[in-house]
Amino acid sequence: METVKVILNPYAGRGRGAKVAGEIEAAFRRHNVPCEIAATSAPEEAVSLARRARQDGYAIVAAAGGDGTVHEVMNGLAEATPADETVQGLAVLQAGSGNDFADMVGAAREIDAAVHAIREGNTRHVDLGLVEAFDGRNTLRRYFDNNLGIGFEAQVTAESREIKRLRGFLIYLWAALRALRAYDQPHFEISWTDGAGNERRAAKEMLLISIGNSRRVGGAFYLTPDARMDDGLLDLAIADALSQLGILNLLPKAMTRTGLHGQKAVSFDRLRSATIAVRQPVPVHTDGEILSTKVESLTVEVQPGRLQVIV
């Protein structure tokens, strides 16, 4: 079997990445799969490492970390792949806080089982999202595999970066409470093409816009609870502007698969593409990574079945 390139984020999962490095090496030896591990030391480094690995001919590149590490590795592979071709050979070795993409796509939670899947060559094709956002100075281009959050959701992500003592979804729950005092709810204008090809539009003050390829974000929040990763569409959730009490009432409902259904403040749809503008700059995240805190407008499109994942 060819050598697998493993890109390890030692800081993933509040340092869990560094602790599982030996476990990863041992698992590859047990399954007689050659591997080469490269550890990251700075944000965005996994993008360049993955891009270089694909250019150097590695057929399988494994992201060892959390959603952020997977996001960067996937983007590096996508950048090294022609736009009309499938992004192939992404594997995931879970070592993060939320692990939303890994859980939703069906990647093994245990390192040994994940390496066994690499050995067996089990794969699944899922959709990718592509966003181009303007922050007043530059146009930022990024792929996302799990979800895109605009407004309050992205503010929660930004707040979570300041929380050092908690782990898992508790980080995001506490961050949501902190975001209540740090985020204004601006006026959005969104137009999108739905799954049937119809043009839709909404313009009003909103708490957030969430565009999901999977149903879960932040380890426990189901903002797009009906999303499917391989249906050729992205799911759209729009939450209207709410009081602080209204937001507090909504949070626990977002932590169950059906809790947001029937909520008057939240509407759902599916989309092929969307254009969004906002009257004041807002934060935007892709797969839990802050794209910018001052986005003024953006476009989103789905690329059906473009990502091949080992599961």
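**Strand pairing and a loop residue**

Mentor: We may, bearing in mind that this is a predicted model. Let us begin with the strands that pair with E11.

Trainee: Which residue in E11 is the bridge partner of Thr193?

Mentor: Strand E8 covers residues 187–194 and pairs with E11 in the antiparallel sense over 7 bridges. Within E11, the bridge partner of Thr193 is Ser273.

Trainee: Which residue takes a positive phi in the hairpin of E11 and E12?

Mentor: E11 and strand E12 (residues 289–310) run antiparallel and are joined by 9 bridges. In E12, the bridge partner of His285 is Ile290. The hairpin has 2 residues between the strands, and the residue with a positive phi near 55° is Asp287.

Trainee: Does Thr40 count as buried or exposed?

Mentor: Thr40 lies in the loop between strand E2 (35–39) and helix H3 (45–55). Leaving aside neighbours within four places in sequence, its contacts include Ile7, Pro10, Tyr11 and Leu49. Because its relative accessibility is 8%, and the cut-off is under 20%, Thr40 counts as buried.

Trainee: What separates the C-alpha atoms of Thr40 and Val282?

Mentor: Thr40 and Val282 are 242 residues apart along the chain.

Technical notes: Residues are numbered from 1 along each chain as its sequence is written. This is a predicted model: local features need pLDDT of at least 70, side-chain atom pairs count only at pLDDT 80 or more; totals for chains, interfaces and linings use all residues. Side-chain values use heavy atoms; hydrogens and water are left out. Two strands pair if DSSP finds at least two bridges between them. Helices (H or I, at least four residues) and strands (E, at least two) are DSSP runs, numbered from the N terminus. Buried means under 20% relative accessible area, exposed over 50%, partly exposed in between (1.4 Å probe, protein chains only). Contact means heavy atoms within 4.5 Å.
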